[in-house]
Amino acid sequence: MDFEKENSAGYLVNHMARLFAKELQHHIAPLGIVVGQFPVLLELWLKDGVTQKDLLARIDVEQATLANTLNRMERDGLIKRTKNPADARAQLIWLTEKATALRNSAYESAQNVNFQALQVLTEPERAQFMDYMRRVISGIRSS
């Protein structure tokens with residue numbers, strides 16, 4: 001059986017994701033954050049004071065990866081953890097003022113990367129592309 005990476009959805013999506021990540025890192029490095037922290041920040045900017053379990057359910061990474069990312073974010077002054085009053089075994093994860101202050105600049109960076117990457121598509125093609133990606137993600141999650 002022959003395998004042609006140029007016709008492999010998995011290969012192409014992974015390649016595109018690496019290119020997006022590389023470009024995003026270039027834009028957010030001056031803010032003092034790295035690409036691996038970005039999904040966590042996006043979730044916490046939407047809803048602060050959540051558990052690690054809540055974050056795991058939203059960002060689709062391994063437990064160990066998230067734990068290491070959170071440790072680094074705490075070390076870098078982006079998050080703080082407090083005891084969960086509803087569950088003594090869990091901690092709540094909160095953004096620091098430093099992380100909250102980065103939100104608009106980080107959003108702008110991500111929007112610029114998205115705009116640059118998708119400018120090769122027409123507006124209807126962009127909408128269709130985004131819809132296709134959401135459908136594939138939903139399909140993978142439900143399988």
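V113 touches F20, E23, L24 and H27, leaving out residues up to four places away in sequence. Touching, or contact, means heavy atoms within 4.5 Å. V113 sits in helix 5. Helices here are DSSP runs of H or I with at least four residues, strands are DSSP runs of E with at least two, and both are numbered from the N terminus. V113 is buried, since its relative accessible area is 4%. Buried means under 20% relative accessible area, exposed means over 50%, and partly exposed lies in between, with a 1.4 Å probe and protein chains only. From V113 to A99 is 14 residues in sequence and 20 Å in space, C-alpha to C-alpha.

A word on the source. This is a predicted model, in which local features need pLDDT of at least 70 and side-chain atom pairs count only at pLDDT 80 or more, while totals for chains, interfaces and linings use all residues. Residues are numbered from 1 along each chain as its sequence is written, and side-chain values use heavy atoms, with hydrogens and water left out.

Now take the whole chain. The protein chain has six helices and three strands. From the N terminus, the order is α-α-β-α-α-β-β-α-α. Its C-alpha atoms fill a box of roughly 50 × 35 × 25 Å along the principal axes. The protein chain has 143 residues, and 26% of them count as buried.

The surface comes next. The protein chain exposes about 10000 Å², and carbon and sulfur atoms supply 55% of that area. Such areas come from the Shrake-Rupley method with a 1.4 Å probe; for residues, only the protein chains shown count as cover. The protein chain also carries 18 positive and 17 negative charges, whose mean positions are 7 Å apart. Lys and Arg count as positive, Asp and Glu as negative, and His and the chain ends are not counted. Each charge is placed at NZ of Lys, CZ of Arg, CG of Asp or CD of Glu.

What lies inside? The largest nonpolar core has 24 residues. A nonpolar core is a set of buried Ala, Val, Leu, Ile, Met, Phe, Trp, Tyr and Cys residues joined through side-chain atoms within 4.5 Å. I33, V40, L44, L55 and L70 have the most contacts inside this core. At least two core residues come from each of helix 1 (9–28), helix 2 (38–46), helix 3 (52–59), helix 4 (63–75), strand 3 (87–95) and helix 5 (97–118).

Look at L55. Setting aside neighbours within four places in sequence, L55 is in contact with V40, E43, L44, V50, L66, L70 and I93. Q52 belongs to helix 3. Q52 counts as buried because its relative accessibility is 18%. With neighbours within four places again left out, Q52 contacts Q63, L66, A67, L70, R81, Q91 and I93.

Move to helix 2, where F38 lies. F38 counts as buried because its relative accessibility is 6%. Beyond residues up to four places away in sequence, F38 touches L24, I28, I33, A106 and A110. F38 and V13 are 25 residues apart in sequence, and their C-alpha atoms are 19 Å apart.

Next, two aspartates. D60 lies in the loop between helix 3 and helix 4. Most residues other than glycine have a negative phi. D60 is not a glycine, yet its phi is positive, at about 55°. D76 lies in the loop between helix 4 and strand 2 (79–84). D76 and D60 are 16 residues apart in sequence and 23 Å apart in space, C-alpha to C-alpha.

Is D76 buried or partly exposed? D76 counts as partly exposed because its relative accessibility is 21%. Not counting residues up to four places away in sequence, D76 touches Q37 and K98. The side chains of D76 and R75 are joined by a polar contact of 3.0 Å. A polar contact is a pair of N or O atoms within 3.5 Å; within protein, one must be able to donate a hydrogen and the other to accept it, and residues adjacent in sequence count only if both atoms are side-chain atoms.

End with S8, in the segment before helix 1. S8 counts as buried because its relative accessibility is 14%. A polar atom of the S8 side chain lies 3.2 Å from the backbone nitrogen of Y11.
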